[in-house]
Amino acid sequence: MDKEQNSKNIIDEATEGEYKYGFVTNIDTHVIPKGLNEDVVRYISSIKGEPEWLLDFRLRAYRHWQKMEMPQWAHLDIPPIDFNDISYYAAPKQKEGPRSMDEVDPELRKTFDKLGISLEEQMRLSGVAVDAVMDSVSVKTTYKERLAELGVIFCSISEAVRDYPDLVKRYLGSVVPYTDNFYAALNSAVFSDGSFVYIPKGVRCPMELSTYFRINAADTGQFERTLIVADDDSYVSYLEGCTAPMRDENQLHAAIVEIVVEDRAMVKYSTVQNWYPGDKDGKGGIYNFVTKRGLCRGDFSKLSWTQVETGSAITWKYPSCVLAGDNSVGEFYSVALTNNYQQADTGTKMIHLGKNSRSTIVSKGISAGHSQNSYRGLVRVAPKATNCRNYTQCDSLLLSDTSGAHTFPYIDVRNDSSVVEHEATTSKINEEQIFYCNQRGISTEDAIGLIVNGYAKEVLTKLPMEFAVEAQKLLQVSLEGSIG
Amino acid sequence: MTAMLEINDLHAQVEGKEILKGINLTVKPGEVHAIMGPNGSGKSTLASVLAGNPAFTVTGGTVTFNGKDLLAMSPEDRSHEGLFLSFQYPVEIPGVSMVNFMRAAINEKRKYYGQEPLSASDFLKLMREKRAIVELDNKLASRSVNEGFSGGEKKRNEIFQMAMLEPRLSILDETDSGLDIDALRTVAGGVNKLKTDNNATIVITHYQRLLDYIKPDLVHVLYKGRIVKTGGPELALVLEDKGYDWIKQEFDGNKGE
């Protein structure tokens, strides 16, 4: 066997891992018939008991969506999607609002246990409040009382519509209007549930707020909607993590996350995305078409995105910052790992509108198997946004000869006082590094994990502690093979 | 005393080209062997094959290491069994700290022998002790593996790792290349400090210089994939004086080429 072939085999073997979180939970699920029309939109709104203004919002979004077409500009090969072959609402059936863990469906709790996120443990040990979303309806929200003392609102968006209609009405669609793009319009029409966070003036949220998403019912699109508002001088760290069960049909996921950051407030949003990526031959997997955007509206406001993306068959996602406030700061730290036949087109937009606004982009792509991994980023500085700065670092690591890494940076600077820097590298994991580790007694699988984690370190250190550990394991698991 | 390493008629090739054409070598505990020879004679290939580098294919022969079939073991098991290779060109691993790297290595070895992982404080204490042997700066130990290290620092880092892993057999592949005289003295000093009656060392070098500091018991000359001459330390001095041409002539002449 020649040298090149040999090293290729080692890496291939170690990267042909199977998805570890593939299982389907048997829960009596309420699913409406497939198809999308105004009646479906009205049905979703009525089953949730929504006010008239929200139904209007949904209908306007639906009508607008009908006039739109799927975006085709990304470096993705997306099979045709029949939007009438999807059911737009599924809710796990259960008795009204569980008040304690005992009232939560045992099947559901088992699922969370398998994912290693038992609510009890999370509640007791980590002090993380969990708003667990299983399919479309929030199942259990914890620590609400403690947060309530501080005036922090952390609940499902359905509850927020009911209990805090003025806040929701004021901010919903203010950062991502339903006209924004095809998937945003679709989400605005049929969004099922998601999280709502409001941090009042001057409050530093004492715990990390966390949501676990999970797509469960077969053939059901999932349309989360998250809205986070950080009022003046407040701070919150929000964690989003997901795994999905294994199945063959492709599943569409089109979420929206909107964040509003007021004067001197700071929001840190961290994601570990581990949805089912499809099997080794590219069969199945989640289509993840997400619109995430934050508006740094206030002066000296700051928004920091950190994402570790290892799942989904296709990812189309650009968490962005609109830096409207003077001296506002936007950050984007990303690790995107693709393996087998996964495709990712992900990056960010930093829109500088305020004077002296600053942004940092650090993107680390990792491509294995036959996957395609693209970074796409826009840095735009408006004419009046003087003295802005952007620093972009964009690295690609290739683990196979059959995978691809691509970079599409767009830079648009409209004044002379701003400075924009862009650095990019592409490297290959090499057999010498692996053999060096082997010689010191470290197995090939562990060596690849070590090397990949070392490469992604700069981003992983931005994650909250517990999440960072999980993310490190996830990177290794996503590349792990059937060795031994 | 029984042999630690017994190489018998070892043949190996890379990319279809035969490099080792029948190596025979016996190393006993407590011995230092020097392997010398002109460029391209197969010295580094021998080191790589013994360590199990998958880029090389063994096509014949046997290697017994502490009574076990070395060639049947994975590279990591060879390491666990006590074989250490000091690389001619130590590899950089960006973002992976020396501390994490060494801890992974040490704990894998402990696992192999059914021992619990070292506690963080015991591990750091061990790091401190071993660092002193090669005068490795604390700053280097906290940096990424070999990243931004000078040539001398890389070689010193190799010997540091050797000290950490306490191998039975160390193979030093051109450890002297790229070293100035001070670095050479430090590195050789480290190797000598680690020498015991129970371990052995194979020093691969092109020049006699290193052998002033690491005294060999036996010197072998490798040429065209075979060991063509074996002698005491004085052989190295002859080679220093006369070069390799006479060896080439003698060997090629004998074969009637």
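A: A:Ile259 touches A:Val175, A:Ile228, A:Val267, A:Tyr269, A:Gly294, A:Leu295 and A:Leu303, leaving aside residues up to four places away in sequence. Touching, or contact, means that C-beta atoms placed from the backbone lie within 7 Å. The model is predicted, so local features need pLDDT of at least 70 and side-chain atom pairs pLDDT 80 or more, while totals for chains, interfaces and linings use all residues. Residues are numbered from 1 along each chain as its sequence is written, with chains lettered from A and ligands numbered from 1 in the order written.

A:Ile259 is among the residues with the most contacts inside the largest nonpolar core, which has 187 residues. Others in that group include A:Val197, A:Val267, A:Ile451 and B:Ile171. Such a core is a set of buried Ala, Val, Leu, Ile, Met, Phe, Trp, Tyr and Cys residues joined through C-beta atoms within 7 Å. Buried means 20 or more other C-beta atoms within 10 Å of the residue's own; exposed means 12 or fewer, partly exposed in between. In soluble globular proteins, nonpolar side chains tend to be buried together.

α11(A) gives the most to this core, with 9 residues. Helices are DSSP runs of H or I with at least four residues, strands runs of E with at least two, both numbered from the N terminus.

Now the contact between the chains. It takes 22 residues from chain A and 24 residues from chain B. On chain A, α1 (3-15), α10 (431-439) and α11 (444-460) each supply at least two residues. α10(A) gives the most to that side, with 7 residues.

Of its 257 residues, 42% count as buried. Its C-alpha trace spans about 65 × 40 × 40 Å along the principal axes.

One part of chain B is an open sheet of 4 strands, ordered β2-β1-β4-β5 with antiparallel pairing. Strands pair if DSSP finds at least two bridges between them. The edge strands are β2 (17-27) and β5 (68-69) of chain B, each pairing on one side only. 2 bridges join β4(B), residues 57-65, to β5(B). B:Phe65 has B:Lys68 of β5(B) as its bridge partner. Helix α1(B), residues 43-51, packs on the sheet and touches β1, β2 and β4 of chain B. Its direction makes about 75 degrees with that of β2(B); axes are lines fitted to C-alpha atoms, for helices over the stretch in contact, and angles run from 0 to 180 degrees between N-to-C directions.

Methods. Contact = placed C-beta atoms within 7 Å.
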